[in-house]
Amino acid sequence: MQSRVLCSGSAAAVAARRLRNILGPIAGKGGGGSRGRCFLQHEVKHINTSSGDIIKIGDITYHVKKPKNPELVPLNYTSEELPQSIAQHLRWIMQKDLLGQDVFLIGPPGPLRRSIAMQYLELTKREVEYVALSRDTTETDLKQRREIRDGTAFYVDQCAVRAATEGRVLVLEGLEKAERNVLPVLNNLLENREMQLEDGRFLTSSHRYDKLLKEHTKEELDAWKIVRVSEDFRVIALGLPVPRYTGNPLDPPLRSRFQARDIYYLPFKDELKVLYDTGPNVAAERVMQLLSFATTLCSQESASLGLPDFPVDSLAAIVKILNVCTLISSQQMIQRLYPYDLLLGKDGRMAVENALSKFELLDAHKLSVSMSTVKVEKNCGQLSFQAAVTVQIANKRVTFQVPAGTRPLRSLTGSLSFIKTDSHDHLLAEIIQSHMVKDMCLIGAKGCGKSVIVKEFAEILGYKIEPIMLYQDMTARDLLQQRYTLPNGDTSWRPSPLVTAAQEGKLVVLDGIHRVNLGTLSVLSRLIHDREIALYDGTRLIPADRYQSLKEVHKLTDEDMQKRSVFPVHPSFRIIALAEPPVIGSSTQQWLSPEMLTMFLFHSIKPLTMKEEKEIINGMTPNVSEDAVEKLLNLTHKLRQTKDSTAQSLASSLSTRQLLRICQRLSQYPEENIAHAINKACLSRFLPNLARSALQKNLLDSRIEETVERLSKQEEVHSSHEIKGGTLKIGKVSIPVYDPDEKMKVPDVLFYENAQHMMIMEDMLKDFLLGEHLLLVGNQGVGKNKIADRFLHLLNRPREYLQLHRDTTVQTLTLQPSVRDGIIVYEDSPLVKAVKMGHVLVIDEADKAPTNVTCILKTLVENGEMILADGRRIVADQAYAEGRPEVIVMHPDFRMLVLANRPGFPFLGNDFFGALGDIFSCHAVDNPKPQSELAMLKQYGPDVPEAVLQKLVAAFGELRGMADQGTITYPYSTREVVNIVRHLQKFPDEGLSDVVRNVFDFDSYNKDMRDIVIGTLHKHGIPIGAKPTSVHLAKESQEECL
């Protein structure tokens, strides 16, 4: 491949001449990689002498020492021929090492800085202590951590102390991620090589210690707890420049202790050679164009336009794919690295497309070809974790090797739960190509099928899926290792599911990567780039090839490696992240940062066409009416394609997942009205007036309507229930009455039936029979809890109750910690009990907990899986639990019934429906209509005059209408009317004007509100605050007093 770079008559030289005028000064300056620095040519030499090995870089010489712990020396990072820019960086680090100075490698995001540091340590055979800093890093992670063994507390040295005392190199990555005032704990260690430890020891410099040793014995120094810091101890820090990138700026005292080196991208020529070697089958001109485009986007001019850096270090990944699949469009491959359609606004997209056009890469339309996977076969023999995949691109078939899972492969046509469409075929083929080279991230709106596509991909390639639900408050320990207490009180570390999956070769699905803080996610950077990670307990995971090389070079066995806490990462291990599209221009929801761009290849899931969506619906629900599907799809696609932002917001409630739910219901219950199903899915009762009007207009335009006659007739039919012969019937829907083991947990509440509530319960029963989890949303006091409890009472289903609040955490959702005999033990929360026993879990006040906490319910609802805080796992399939005591199998009768207030003012909760409504079957609970409310109040107050009840119903009905219109803010509920009637029933001698004040005194200090309320009550003959001039009301008030 060298001839492609150096030979003047080669294709590369021709391409270079063609692009020289376009690139201008960029290529001439080394693509920005040299940053204007003039380099001399330096050769890296390894010399064997009788006195030991010597590493020579140019004129700098380093005498290599034999490492005590060879497993801590990086391996397989250096290549036979190092680019000159890398050699220059290594020479500079060597200079600083010989001077005894600590270094800071600063530069743009990507693995290059870490790779250079590891190459230097491999060349000089230096042992390394690596720590990825995050916002969760504390002083104990760097100095000493207290552990308990046999009831005794003691301190364990951490990375900084181990490196100082053993003469290792401490590599700190991500200094900008650490919280302020954490890293200054290292200041004195950096400056004077001194540090006071928590266990009473004092680290002192080698020079000072040796001087003391001449005056005192070693026993005396040990008695004084003075410990020598090795003269070989060094620190290499890796960080991003802040403020250009997000993070905390360096503390001046800390910064002054480092020598800095700008590690920019490789110079143009060096990067070009790497890419030529990576893709020998890719046309030289095409490689040059790709690199030229990438270099342009990393220039100062692009930065001034607000364009994020292009992930140049990941270019080799797409060149590897193009080396196998040459027919793919260059523009489409760039989109996988740099999804500018999702990332940038209109101006940014135009700037990127202008650059693409400049380098003749705007070829998506020219090379837009169909793509599908036609064959998958598992290899035998040594490559048992590889599969041969054949993909058809246009009329050409291409076969290539990809990693495969540990389970048998499934045929391409063997899935009953996945309906293939052309776009899904195309997307799966693209994902398999990306799987060949790198971890991936699927970006798509809620309910578009991300999880289903990942499941299909996993089954085709024989992967076990490890779903991990991410949330905003997740810590680095939640991702990697959790500390826990053994039964005897000792402390220990439990590997996270992600770490276990890395060792077992599973496919990890990071669901909700857009939620988690980047400062936490950055701890996975080394695992994603290098397949290597250092854990909190000192365990190290390294790639399988490095693990094997380490064993061969040092003649170690697997048992030796385990004793040294070194384990291999399985070659099949892969990560797929799932995310919703970033919000362009948002400071909080623009999660797709330059650092994130370096971690994955990105695939955007485009909305399905109407034809494809119809194909999926007919495949999943074959009995549904063709006319109903047509109307449903016409409405949905009209809302998705409209320019009206209000109508577009409604489309998110009609995702493919919701459409399938509606059609399954229509298939089972053909008499169901489509308008009712759509209103239920969109929760139209609680939409703003403008959005509700837009929905009703679009329903009418799509010939979908719900007549008043049908509603009134329905009320008459569904006003009661009956239990006969062990069968419950609500309206027209029947279900066998459940026979529970724990009858005391079946709720039993005072409930007066009314037609409206029975209609809601019939709707709930339909969804319950379809296997759905239910969500009841409504104002306060409308009877959500009453309906839920009555519903379960009629079904005879035991209930577990969980009430959420502001301080609810992921841990408290799943476990309840308590201290027993001095030991922290975790007891099952109601959620876990319900899962085990098959009870119905009622989650009350779901909107009060942060949505980033309640989002962990998603995997439980969708896949029947959840990881608990104590390491146990809930699964739906009994086969996964065999021989695994830590696995809890979900009972087939388990269901969730979630209660939440409607979103928006005056309710102070979070938008639970907006965040998770898509995975539940939603039911809007409203105040009963006048007739139903009157009938119910008569049962609460049989002795209260009907005229009084009618006044109350009419007055409260009008006040609720005002709340809906926005005239008043408080939505008066049935609960308040019931309380008034109960008071009048118990104390009939008290006047109505006094009793209603129990509700309305809240508004007595707000003049505008008070006037509206009093005016409305007067209008309906309720004499609250009546003046003497109001003769009619004064008369009524006088009668009440008599």
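Is D277 buried, partly exposed or exposed? In this predicted model, in which residues are numbered from 1 along each chain as its sequence is written, D277 is partly exposed, with a relative accessible area of 37%; buried denotes under 20% relative accessible area, exposed over 50%, and partly exposed the range in between (1.4 Å probe, protein chains only). Local features require pLDDT of at least 70 and side-chain atom pairs count only at pLDDT 80 or more, whereas totals for chains, interfaces and linings use all residues; side-chain values use heavy atoms, with hydrogens and water left out.

The mean pLDDT (the predictor's confidence in each residue, from 0 to 100) of the protein chain is 86, and 92% of its residues reach 70 or more. Over residues 1-33 pLDDT stays under 50, and the model has 55 contacts beyond four places in sequence for this stretch, a contact being heavy atoms within 4.5 Å. Residues 1027-1031 also stay under 50, with two such contacts.

D277 forms a salt bridge with K273 through their side chains (3.1 Å, N to O); the term denotes a side-chain nitrogen of Lys or Arg within 4 Å of a carboxyl oxygen of Asp or Glu. Because K273 and D277 are four residues apart in helix 12 (residues 268-278), about one helical turn separates them. Helices (H or I, at least four residues) and strands (E, at least two) are DSSP runs numbered from the N terminus. K273 is likewise partly exposed, at 22%. A salt bridge also joins the side chains of E139 and K143 (3.2 Å, N to O); here E139 is partly exposed, at 35%, whereas K143 is buried, at 6%. The structure holds 72 salt bridges, and a network of them links R665, E671, E672, K680, D763, K766 and D767.

The largest nonpolar core comprises 152 residues, and F310, Y338 and I513 have the most contacts inside it. Such a core is a set of buried Ala, Val, Leu, Ile, Met, Phe, Trp, Tyr and Cys residues joined through side-chain atoms within 4.5 Å. Helix 13 (residues 284-297) gives the most to this core, with eight residues. Another core, of 32 residues, lies apart from it and includes L632, L660, A677 and I704.

Three strands form an open sheet of mixed pairing in the order 35-36-37, where pairing requires at least two DSSP bridges between two strands. Strand 35 (866-867) and strand 37 (887-889) stand at the edges with a single partner strand each, so one side of each lacks a neighbour in the sheet. Strand 36 (residues 873-875) pairs with strand 37 in the parallel sense over three bridges.
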